[in-house]
Amino acid sequence: MNNEITGAEIVLKSLAEQGVEVVFGYPGGAVLPIYDTLFKQNSIKHVLVRQEGGAIHAAEGYARSTGKTGVVLVTSGPGATNVVTGLTDAMMDSVPIVCITGQVPQHLIGSDAFQECDTTGITRPCTKHNYLVKDVNKLSSVFHEAFTIAQNGRPGPVLIDIPKDVQFASGTYEEKNKIIIPSHRLFEPSPDFEKNKIEEAVELISNAKKPIFYIGGGCINSGPKASKLVREFISMVGSPVTMTLMGLGVVGSSDKNSLGMLGMHGMYEANMAMHECDVMINIGARFDDRVTGRLDAFSPNSKKIHIDIDESNINKTINVDVPIIGDVKQVVEKMISVWKGKKYKIDTESLKLWWNKINKWKEVDCLNYNNEGKQIKPQYAVQRLYELTKNTKTFITTEVGQHQMWAAQFYKFEEPNRWLTSGGLGTMGYGFPAAIGAQVGHPDALVVDIAGDASILMNIQEMSTAVQYRLPVKIFILNNEYMGMVRQWQELLHGGRYSESYTDSLPDFVKLAESYKAVGLRAKTTDELDNVITQMIETKNTVIADIWVTKEENCFPMIQSGSAHNEMMLSKDQKQDKKSAEKGKILV
Amino acid sequence: MNKSVYASPDQVSETKRHILTVLVDNEPGVLARVIGMFSGRGYNIDSLNVAEVSNDENISRITIVTHGTSEVVSQIEKQLLRIVPVHSVTNLDKEGSSVEAEVALVYIYISDTNKKKVYQLCDLYRARKIENENNTTIFEIAGASERVNRFIKEINEITKVEIVRSGPVAISSIQKNEEE
């Protein structure tokens, strides 16, 4: 038949029809036909990373900053196994990704062929769904279904494994609108169930005396309109609101109702309010253990409303009173119309008392730190970075550890999709490639990876990628020569025995940057800090800013493992009682 | 209930046996997805049975016997539904009334001294002898697991046996309209 094209061409055609603009990848034997087809076209851009792990984090950064689906293309065997961490990361943080892997030709599958691995077997638990495509005629329908599944309901990564012979074979292409996906393969909320529960939920909120909104990453995944509606509803109610690490930016930091982040390193007032509230409205969060602390003491006197698109999150760790399964923007839109329709108003007297109480907690000033001397405090470095970038369109990514928590605490986010961090999996090495992805999606924006000296080395090879594509990503290293969070836990829980948490033989980050033909800057004292940040922002090139910070600073406030929201530690001097410290030690 | 790093606040209900029946697209890897969900999240499978049930639509039915508190089992149901090729999950214990059955094949070591007793017991349980080319004594017994258990216990008291069991399959016995 003359309208037959090769499998590799079907791959590219499917991507083009899905509106894909960029693919992050790394070539290899089992994807050569696809790379050959890529070479012959101009509509889809390819970003060559330096290790496949970088490709998938870059795709995550691209997806989370643009709201589009990130696409990854890697080869079989090691190419596939190198993306496993990123797939798991995307699974935990609900990031829409389509990952294409090459596979050895079908007649070699199972023979332990060169660069063969059971890709679908390995990635089954860390993808939303995966495929091994054996028939070239099914390739286009698989692609269209994969994109739909990646974006539908709770987003997540989908992997398509394509044997090399299928890439060479000829078959017919089917267009997106010709593909019918059976409804059971997608998420579909039941509308009736929602309506009753929504009315119940809104009535509960209207009768609250001490309400609090607890906002998660689901609000960001639901799109910018969701954040707008959530803000609108919260200001109608006049209730305080706290956000999870993944939810930062849904409500602006400067919003008068915002109490900032909650959880292990969250704000004292946010955690206390969660503990004492009488109605909790969870929108798009999942009662993660970093948020709840000890479960048997979690918000003991509240009625809980839980809005989530994934039913398995309901009653998973915390039992709730009013569960609503649905997409945030649809549910909140209905809540607003019920609130307006019934002319609900919350009791202003009790709300005033509630705010008075919260304002008392605010007086504790939980982020206070000692900022004396010429040495740069890591908190101060983030504060200065915020002050000097707040008027620019800025995306912040992070690695994982102390610097991540300081970034969450001290950088103020006013909009969704501007904050990219690895929350669920806690992947060191996420931030730099994610920043590359965000910069690809937003070429004119300022993209800063707030990093630690240990984390940055996990994907430092991507310097080469950033420089090759002239991506002016800024790496802002809070350099304390330690794996800071590991060191902090060792100090608090393991008698200060800093087992393997000191990073000896760190590279000279300035020279490292220069060796990649990027720009390296260094600040050793507070006097140099502003100048270095300004220079970093103004440089139209990839920059590593090596900020030497005090070495043994701890990240506070902190709910130690095994403690509850009302048992926050505000400083090192305030030791946890020994019994719960021992109990907490076995936890993560 | 809780699957969290923190201890469960209150164990609310008792551990019970549940039979789940799961309709899935009959595509490669679907059984691995289901089993992987159980092992990955630390749930139990007591027995598992899978067979294609409709030729035209390519749908298989997986029958899983598990045990857990009702909170755990409800979480299992929800996690199963997240799997893309899963059509539906039914907890037959929640449905109310259902019938279940399993098949056991029993190879019985027989001798002149125990022959009579063996045949009497098999008769009592309506176990059926399966003819085979070697003329060995192989019986088939079908029915509820309880009944099979009792039979095996009693036959074990008489002689040595080898047993294979299918694990239960079950179906809801609630009246249904034909259109459904």
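Select strands β2 and β3 (residues 59-68) of chain B: they pair in the antiparallel sense over seven bridges. Strands here are DSSP runs of E of at least two residues, helices are runs of H or I of at least four, and both are numbered from the N terminus. Two strands count as paired if DSSP finds at least two bridges between them. To see one such bridge, pick B:Glu52, whose partner in β3(B) is B:Ser60.

Before moving on, a word about what is on screen. This is a predicted model, in which local features need pLDDT of at least 70 and side-chain atom pairs count only at pLDDT 80 or more, while totals for chains, interfaces and linings use all residues. Residues are numbered from 1 along each chain as its sequence is written, and chains are lettered from A and ligands numbered from 1 in the order in which they are written.

**The rest of the chain B sheet**

Now show the whole open sheet of four strands, in the order β2-β3-β1-β4 of chain B, with antiparallel pairing. Its edge strands are β2 (47-54) and β4 (86-91) of chain B, each of which pairs on one side only.

**Over to chain A**

Chain A has 24 helices and 20 strands. Its radius of gyration (taken over C-alpha atoms; the globule rule is 2.2 Å times the number of residues to the power 0.38) is 25 Å, close to the 25 Å that the rule gives for 588 residues, so chain A is as compact as a globular protein of that length.

Select its open sheet of six strands, β11-β10-β9-β12-β13-β14 of chain A, with parallel pairing. At the edges stand β11 (258-261) and β14 (322-325) of chain A, each with a single partner strand, so one side of each is left without a neighbour in the sheet. Zoom in on β13 (residues 303-308) of chain A, joined to β14(A) by four bridges; there, A:Ile307 has A:Ile324 as its bridge partner in β14(A).

Last stop: color A:Val230, and show its contacts beyond four places in sequence, including A:Ile215, A:Val250 and A:Ile283.

Definitions and conventions. Two residues are in contact if their C-beta atoms, placed from the backbone, lie within 7 Å.
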